[in-house]
Amino acid sequence: MKREKQLKKLAGNPDPWDVLIIGGGATGLGIAVDSASRGFKTLLLEQSDFAKGTSSRSTKLVHGGVRYLQQGDVSLVLEALKERGLMMQNAPHLVRNLSFVIPSYEWWNGPFYTIGLKVYDLMAGKLGLGPSKSISKEETIDALPTISQRDLRGGIVYQDGQFDDARMAISLAMTAEEYNGVLLNYMEVVDLLKDEEDLMIKGVTAKDHETGKEYSIFAKSVINATGVFADSIKKMDEPEVKPMIRPSQGIHLVFDQSFQPESYAIMVPQTSDGRVMFAVPWYNRVVVGTTDTLIDNIDLEPQALEAEIEFILETAGQYLSKKPTKKDIKSIFAGLRPLAAPEDGDEMSTKEISRHHKVLISLSGLITVIGGKWTTYRKMAEDAVDNAIMIAGLADRKCITERLPIDGYDRNTEPGSNPMSVYGRHKEDLLEIETNEPEYNGWLSEELQIKKVQVVWAAREEMAQTVEDVLSRRTRALLLDARESIRIAPKQLKY
């Protein structure tokens, strides 16, 4: 997947695209895969890098949503559990089964969550990952040796999924490209094109941030899949439209393995303000989060609030015998959730706002996808393309993504088993570069298990345009250890 080649395909296409997607996060990339795999002429445009925003800053979980079951949102849980199973089935090199422990400190915790999680298991059906079970205090301590033992009564173990979100995004982009989709990062949509009556959308104006060149691009259907930026695209169509998005910020703190040395994750079902919090082993670090803070200002680089950092430190300190401090933080990352705004306009807490996705169609024909979450990206894409077929009068072709292997598909690769596992079958290509070009052999960072060849591959094959693209999303260095990333950033490699 080379940017120069993608640009030539864009410039050399004289006819309208069947499906033009604005936004290169989880939703947009999923739509590109769905559309291209159905045989539609597909173009995706992303203003920055693929998964630059929320889609690379998640809690790294592929899950049905235990708390949504607690809230009684059965339909969302059913959908998410099915999609969790399909993600693991279609991307076994990126998605793995992870055991979670809910520590119990109150006598009623055990029966309540044991029953609830048995229902969770049943709802997963044939795509389930394994049964949940109650464990004793001693077994809980064995699984979570750093857990606070004061008043600990036992725990409940259940199974959910974990993945590398940014690597999944890049794999989706490469999958869409395999089906002749054209995808361009750093290509910002600056305006919508309409017909002579200024009624129906017929394309977009896009600016290439690499060259400054503007393109007028025509399409039979245009899909707004820009997440928290969806309102800005919608306003190009209808300047007076009310906001559709109520953004919520979630931050994560990253610590070294000593805070949770075993392979289990901790799930705290109810913090002091009713949120859910996780401590999840990820590569050789522990990711702790997340917060859920309504915000008014949308930014491509959201910043963690001091109150959010203190909240996570305080809450983690209540459950870990080794209490983390600011000095222990290896990295902080923040993302914005594109929650669908309540229709009645009433303010409500973020945990009460629906995580269901919505596909909206304006009078001009603009299709907008809002809400949802990483786990349900495939279903969101299917619904969006079904609507594009209807709006644009495209051939009625069925979705095939339920059983579509994602680029790199490799059943023999265990996610996280080695530095090359996220590449699946492509790991052989990287090893071949090391063999043929020995100057790219060896570690870029042995501490983070990042090899020089990964940088070369990112630049040559994955459309990485900047150092930050490589450190944040092609590898995960910047999220794993900010100081180590600063150390390795100046290193020079010729691609």
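**View 1. Ring pairs tie Phe100, Tyr120, Tyr158 and Phe278 into a cluster.** Rings of Phe, Tyr and Trp (its six-membered ring) are paired here if their centres lie within 6.5 Å, with planes under 30 degrees apart called stacked, over 60 edge-to-face and the rest tilted. This is a predicted model, so local features need pLDDT of at least 70 and side-chain atom pairs count only at pLDDT 80 or more, while totals for chains, interfaces and linings use all residues. Residues are numbered from 1 along each chain as its sequence is written, and side-chain values use heavy atoms, with hydrogens and water left out. Searching the whole structure turns up 8 aromatic pairs. Take Phe100 and Phe278: their ring centres are 5.9 Å apart and their planes at 80°, so this pair is edge-to-face. It bridges distant parts of the chain, with Phe100 in strand β4 (residues 95–104) and Phe278 in strand β14 (residues 277–282), 178 residues apart. Strands (E, at least two residues) and helices (H or I, at least four) are DSSP runs, numbered from the N terminus. Both Phe100 and Phe278 are buried; buried means under 20% relative accessible area, exposed over 50% and partly exposed in between (1.4 Å probe, protein chains only).

**View 2. Trp282 and Tyr283 make a tilted pair.** Here the ring centres are 4.9 Å apart and the planes sit at 55°, so the pair counts as tilted. Trp282 is buried, at 4% relative accessible area, whereas Tyr283 comes out as partly exposed at 36%.

**View 3. Two lysines sit over tryptophan rings.** The charged end of Lys41 is over the ring of Trp17, 5.9 Å from its centre. Lys451 does likewise with Trp443, at 5.8 Å. The cut-offs for such a charge are NZ of Lys or CZ of Arg within 6 Å of the ring centre and within 35 degrees of the ring normal.

**View 4. Ile31 in the largest nonpolar core.** A nonpolar core is a set of buried Ala, Val, Leu, Ile, Met, Phe, Trp, Tyr and Cys residues joined through side-chain atoms within 4.5 Å. Leaving aside residues up to four places away in sequence, Ile31 touches Ile21, Ile223, Ala225, Val369, Ala381, Ala384 and Val385, where contact means heavy atoms within 4.5 Å. A second, separate core of 28 residues includes Ile141, Phe255, Leu313 and Leu320.
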